[in-house]
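Here is a short briefing to read alongside the structure. Have the viewer open and follow the residues as they come up.

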Amino acid sequence: IEPKVALSPESAFTDDGTYVGPIIDRLGYMSVEFLILCGKLLDAAATFTPSLECGDNAALSDAAVPAANEYLGTIALATFSQADDYRVKKLGYTGKKRYLRLTMTPSGNEAEAFVAALAVLGHPQNAPTPATPVANAVPA
């Protein structure tokens with residue numbers, strides 16, 4: 001596997017602003033699983049819904065939502081509410097597009113909340129893969 005930062009934990013959600021993660025290049029890997037981690041959610045009315053974009057352009061100028069059959073899991077199962085404090089959820093992608101980006105969209109949030117995510121690239125075309133350090137990603 002190859003882990004990459006998909007949503008940095010350095011910033012707290014304090015309103016309903018959309019948080020867009022960095023573009024993930026999956027060159028050489030056949031699958032991607034996003035592990036989404038949530039801390040304490042203080043606002044009982046808040047929900048945090050992930051979405052994915054995929055494309056073949058490195059800047060995702062051709063970004064599109066994956067087809068339903070390209071997901072492992074569902075958006076609904078990867079959505080957080082206050083009942084999901086300190087949980088990890090996952091959302092996978094098995095399509096053929098090279099570039100992916102995870103976005104988290106809060107709704108009804110008026111308190112501080114921490115959400116982060118890792119993209120775990122799997123099924124490498126050439127194995128074993130080297131043990132490379134994960135570079136820090138700065139939120140877009």
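Tyr86 counts as exposed in this predicted model, because its relative accessibility is 61%, over the 50% cut-off. Tyr86 sits in the loop between β7 (80-81) and β8, and its phi is near 60 degrees, a positive value in a residue other than glycine. Most residues other than glycine have a negative phi.

**Positive phi**
- His123 also has a positive phi, of about 55 degrees, although it is not a glycine.
- His123 belongs to strand β10 and is exposed, with a relative accessible area of 58%.

**The loop between β7 and β8**
- Asp85 is placed in the loop between β7 and β8, and Asp85 counts as buried because its relative accessibility of 17% is under 20%.
- What does the side chain of Asp85 reach? One of its polar atoms lies 2.8 Å from the backbone nitrogen of Leu41.
- Leaving aside neighbours within four places in sequence, Asp85 is in contact with Cys38, Gly39, Lys40 and Leu41.
- Cys38, one of those contacts, is buried at 6% relative accessibility.
- Cys54 is buried as well, with a relative accessible area of 4%, and the structure holds zero disulfides.

**The sheet**
- Five strands form an open antiparallel sheet in the order β1-β10-β4-β8-β6.
- β1 and β6 (71-72) stand at the edges; each has a single partner strand, so one side of each lacks a neighbour in the sheet.
- Within the sheet, β4 and β8 pair in the antiparallel sense over six bridges.
- Ile36 has Lys89 as its bridge partner in β8.

**The nonpolar core**
- The largest nonpolar core has 28 residues, and Phe34, Ile36, Phe48 and Leu102 touch the most other members.
- Two or more residues of this core come from each of β1 (2-7), β4 (29-38), β5 (47-55), β8 (88-93), β9 (99-107) and β10 (115-124).
- The most residues come from β4, which gives five.
- Which residues does Phe34 touch, not counting those up to four places away in sequence? They are Ala6, Ile24, Leu52, Lys89, Lys90, Leu91, Leu100, Leu102, Leu118 and Ala119.

**Salt bridges**
- How many salt bridges does a search of the whole structure find? There are six.
- Arg98 and Asp25 form one, with their closest N and O atoms 2.8 Å apart.
- This pair links distant parts of the chain, with Arg98 in the loop between β8 and β9 and Asp25 in strand β3 (residues 24-25), 73 residues apart.
- Arg98 is partly exposed at 29%, and Asp25 is partly exposed at 27%.
- Glu53 pairs with Arg101, the closest N and O atoms again being 2.8 Å apart.
- Glu53 in strand β5 and Arg101 in strand β9 are 48 residues apart.
- Glu53 is partly exposed at 23% relative accessibility, whereas Arg101 is buried at 15%.
- Asp84 forms a salt bridge with Lys89, where the closest N and O atoms are 3.2 Å apart.
- Asp84 is buried, with a relative accessible area of 9%, and Lys89 is buried at 16% relative accessibility.
- A network of salt bridges links Asp84, Arg87 and Lys89.

Methods:
Residues are numbered from 1 along each chain as its sequence is written. This is a predicted model: local features need pLDDT of at least 70, side-chain atom pairs count only at pLDDT 80 or more; totals for chains, interfaces and linings use all residues. Side-chain values use heavy atoms; hydrogens and water are left out. A disulfide is a pair of cysteine sulfur atoms within 2.5 Å. Buried means under 20% relative accessible area, exposed over 50%, partly exposed in between (1.4 Å probe, protein chains only). A nonpolar core is a set of buried Ala, Val, Leu, Ile, Met, Phe, Trp, Tyr and Cys residues joined through side-chain atoms within 4.5 Å. Helices (H or I, at least four residues) and strands (E, at least two) are DSSP runs, numbered from the N terminus. Contact means heavy atoms within 4.5 Å. A polar contact is a pair of N or O atoms within 3.5 Å; within protein, one must be able to donate a hydrogen and the other to accept it, and residues adjacent in sequence count only if both atoms are side-chain atoms. Two strands pair if DSSP finds at least two bridges between them. A salt bridge is a side-chain nitrogen of Lys or Arg within 4 Å of a carboxyl oxygen of Asp or Glu.
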